[in-house]
Amino acid sequence: EGETSEYDTFEGEAVKGPRQGVTRPASTAAPAAEVADAVAALDADALPARAEELQALAVLRRGERDEAAEALTRARDELARLERSEEAAQAAQAKASLEAQIQELAERYARARLAQRVLRDAIARYRSAHEGPLLARANAIFPALTCERYARLETDVDERDEDVLIAITADGSRRRVQELSDGTREQLFLALRLAAIERHVATAEAVPVLFDDVLLESDDERAQQILAALAELATQTQVLVLTHHRHLVEIARATLPKRRLDVIELSETQASDAIAPPADATVEEPATVRVAVPTPTLADELEAALVGGGPPDDFGEQQTLL
């Protein structure tokens, strides 16, 4: 009687005594036999030490509780002081001002982006309806040169409001010039050159057009398409294509009708003799050799040039591709 049992409470909590077992709340009534067994198992010599231990723990917990309560009070006081301070009022005012500025800027940005999109769409529609003849012709040539892998060309405005050229693939993807492969870029520039040459021929005097290794970046399939485009240009002006790749000559023979193609092979000896006279030869004014040819072929004209003569008198319209 008066001793702390296994089921006594401390600070409103169930306290476990020296006996190891299941702890029950103090408010729970225990059977008399169980209580008797618990009392009988108590070690009277260990109870004072256990009581001192629990008292020390209680003092520690009370100290921690008091310190937490004091910290909470100080925090609440500091919060109340800050809410009443001038700094808090200024911070709240600055916060409200920044929020208003953010909302205004967000609305202006949204309006500007929408206006930019509407303007770009309007420019695209106008260009599509009123695109220049050069781009319109290149638009017809470029798909053929790429074997229909690209559908058309468009102009657009980049992030710096500068005009850029866009290639549209057959599946609708948009590619800038720098995003194209080397071969496709060459075919794009060739399409633009052909369009420019055709426009020049239509508005000014026709002059011979020389292409040097224009098929270098193209596979055989695209080379066929390029040769067909050059043959079409040859119906308007003279077209010369220089190459040292013999397989391209075979592709040209297989692609173009014989009457539309002149193939001239130049040996190194012929080329050097045509360029420089012998070292011991006396330099004289070359005699002009003129041969009347009603409709000369390009092969005839080149042959005449190699032997030092000028063009025939009757410079007829040339419709073959060399």
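Leaving aside its neighbours within four places in sequence, with which residues is Thr169 in contact? They are Arg149, Tyr150, Ala151 and Arg175, where contact means heavy atoms within 4.5 Å. The model is predicted: local features need pLDDT of at least 70, side-chain atom pairs count only at pLDDT 80 or more, and totals for chains, interfaces and linings use all residues. Residues are numbered from 1 along each chain as its sequence is written, and side-chain values use heavy atoms, with hydrogens and water left out.

**Overall composition**

- The protein has 9 helices and 7 strands; helices (H or I, at least four residues) and strands (E, at least two) are DSSP runs, numbered from the N terminus.
- Of the 322 residues, 25% count as buried, with buried meaning under 20% relative accessible area, exposed over 50% and partly exposed in between (1.4 Å probe, protein chains only).
- Among contacts between residues at least 6 apart in sequence, 54% join residues at least 24 apart.

**Thr169 and strand E4**

- Thr169 belongs to strand E4 (residues 163–169).
- Its relative accessible area is 7%, so Thr169 is buried.
- A polar contact of 2.3 Å links the side chains of Thr169 and Asp171; such a contact is a pair of N or O atoms within 3.5 Å, where within protein one must be able to donate a hydrogen and the other to accept it, and residues adjacent in sequence count only if both atoms are side-chain atoms.

**The aromatic pair**

- The structure holds 1 aromatic pair.
- Its members are Phe142 and Tyr150, whose ring centres are 5.6 Å apart and whose planes meet at 50 degrees, so the pair is tilted.
- Rings of Phe, Tyr and Trp (its six-membered ring) pair if their centres lie within 6.5 Å; planes under 30 degrees apart count as stacked, over 60 as edge-to-face and the rest as tilted.
- Phe142 counts as buried because its relative accessibility is 0%.
- Tyr150, a contact of Thr169, is likewise buried, with a relative accessible area of 8%.

**The loop between H4 and E3**

- Most residues other than glycine have a negative phi.
- Cys147, in the loop between H4 and E3, has a positive phi, near 55 degrees.
- With a relative accessible area of 17%, Cys147 is buried.
- Glu148 is found in the loop between H4 and E3, and its phi is positive too, near 65 degrees.
- Glu148 counts as exposed, at 52% relative accessibility.

**Packing of H4 and H6**

- Two packed helices are described by the angle between their axes and the distance between the axes.
- For helix H4 (residues 133–145) and helix H6 (residues 220–233), the axes come within 8 Å and cross at roughly 145 degrees; axes are lines fitted to C-alpha atoms, for helices over the stretch in contact, and angles run from 0 to 180 degrees between N-to-C directions.
- From H4, Arg137, Ala144 and Leu145 meet Arg222, Gln225, Ile226, Ala229 and Glu232 of H6.
- The residues of this contact divide into 4 nonpolar, 1 polar and 3 charged, where Ala, Val, Leu, Ile, Met, Phe, Trp, Tyr, Cys and Pro count as nonpolar, Asp, Glu, Lys and Arg as charged, and the others, Gly among them, as polar.

- Helix H5 (residues 182–203) has 22 residues, which at 1.5 Å a residue should span 32 Å; its end C-alpha atoms are 32 Å apart, which agrees.
- The expected span of a helix is 1.5 Å times one less than its number of residues.
- Buried residues of H5 include Gly183, Leu188, Leu194, Ile197 and Val201.
- The packing partners of the buried residues of H5 are H4, strand E3 (150–157), E4, strand E6 (209–212) and H6.
- In helix H2 (residues 47–84), 38 residues should span 56 Å, and the end C-alpha atoms are 55 Å apart, which agrees.
- Leu47, Leu54 and Ala58 are the buried residues of H2.

- Ile251 is found in helix H7 (residues 246–255) and is buried, with a relative accessible area of 10%.
- Although 28 residues separate Ile251 and Ala223 in sequence, their C-alpha atoms are 7.7 Å apart in space.
- Leaving aside neighbours within four places in sequence, Ile251 is in contact with Asp220, Gln224 and Leu227.
- Thr237 is situated in the loop between H6 and strand E7 (239–242) and is buried, at a relative accessible area of 4%.
- A polar atom of the Thr237 side chain lies 2.6 Å from the backbone oxygen of Val207.
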